[in-house]
Amino acid sequence: MNANDVVISARNIHKTFGKGETAQVVLEGANLEIMRGSFVSLMGESGTGKSTLLYLIGGLDRDFSGEIYVAGENIANLNDRKLSQIRCRNMGFVFQFYNLAANLTVEDNILLPLEMSGRNPSAYREKYQEILEITGLQNKTKSYPSQLSGGQQQRVAVARAVIGEPEIILADEPTGNLDAASGTEIMQLFQRLNHEKGITILQVTHSAECASYSHRVVTLKNRVIEG
């Protein structure tokens, strides 16, 4: 295996919430390597630390021991500015709850990461039109989140995650707030983005059906990774 093909590497990760007698060990020596261009599902029972590991990989929680490399960078060693740059340039995030700005249109929500990272949205017009086609949002650009179904809102969240052309999408229960039909649409969308754009996807899910869309399934059990 070529090290250059590994886009995410979590090594000997330990994570504890709280201190003293109330301390709760969530991860205890977890290891995970993800190949560039793969689609991986992380499964496990509720409370096993799946989302915690995802947030650590995404740099959203930095209180851990071990090493996490994302796109060749050891994120534990990065200052806040550099970590923010890595997140903006290399990662897209999709959460169970869509986290859209209610006062912004679909178009403005999708383009928001570009503006926040100092990039000129006009330079991404061709990419933007392509994302609208892939997500089926061409006729919804001037709508507000309150005017959309849950599935449509999640498609906006996916479009927002990929507009900056990230290497990686990190998804936390992306279908957990959707009906079965909408959930299938989101999984098919992820599959298309992975296949056509080569985006590496790591999703946390409790659904075997959602996991069936991925190339590989790993399980978090007894605070370590299996599979």
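Helix 2 spans residues 80-90, and its buried residues are Leu 83, Ile 86 and Asn 90. Buried means under 20% relative accessible area and exposed over 50%, with a 1.4 Å probe and protein chains only. Helices (H or I, at least four residues) and strands (E, at least two) are DSSP runs, numbered from the N terminus. Seen down the axis of helix 2, the buried residues fall within an arc of 65°, so they line one face. That arc is taken from the directions from the helix axis to the C-beta atoms. On the other side of helix 2, Asp 80 and Arg 81 are exposed. The cover over the buried residues includes strand 5 (73-74), strand 6 (91-94) and strand 7 (168-172).

This is a predicted model: local features need pLDDT of at least 70, side-chain atom pairs count only at pLDDT 80 or more, and totals for chains, interfaces and linings use all residues. Residues are numbered from 1 along each chain as its sequence is written, and side-chain values use heavy atoms, with hydrogens and water left out.

Next comes the core. A nonpolar core is a set of buried Ala, Val, Leu, Ile, Met, Phe, Trp, Tyr and Cys residues joined through side-chain atoms within 4.5 Å. The largest one has 34 residues, and those touching the most other members include Val 94, Ile 169 and Leu 193. Elements giving two or more residues to this core include helix 3 (106-116), helix 4 (125-135) and helix 6 (180-197). Helix 5 gives the most, with 6 residues. Apart from this core lies another, of 31 residues, among them Val 26, Leu 56, Leu 83 and Leu 170.

Definitions and conventions. Contact means heavy atoms within 4.5 Å.
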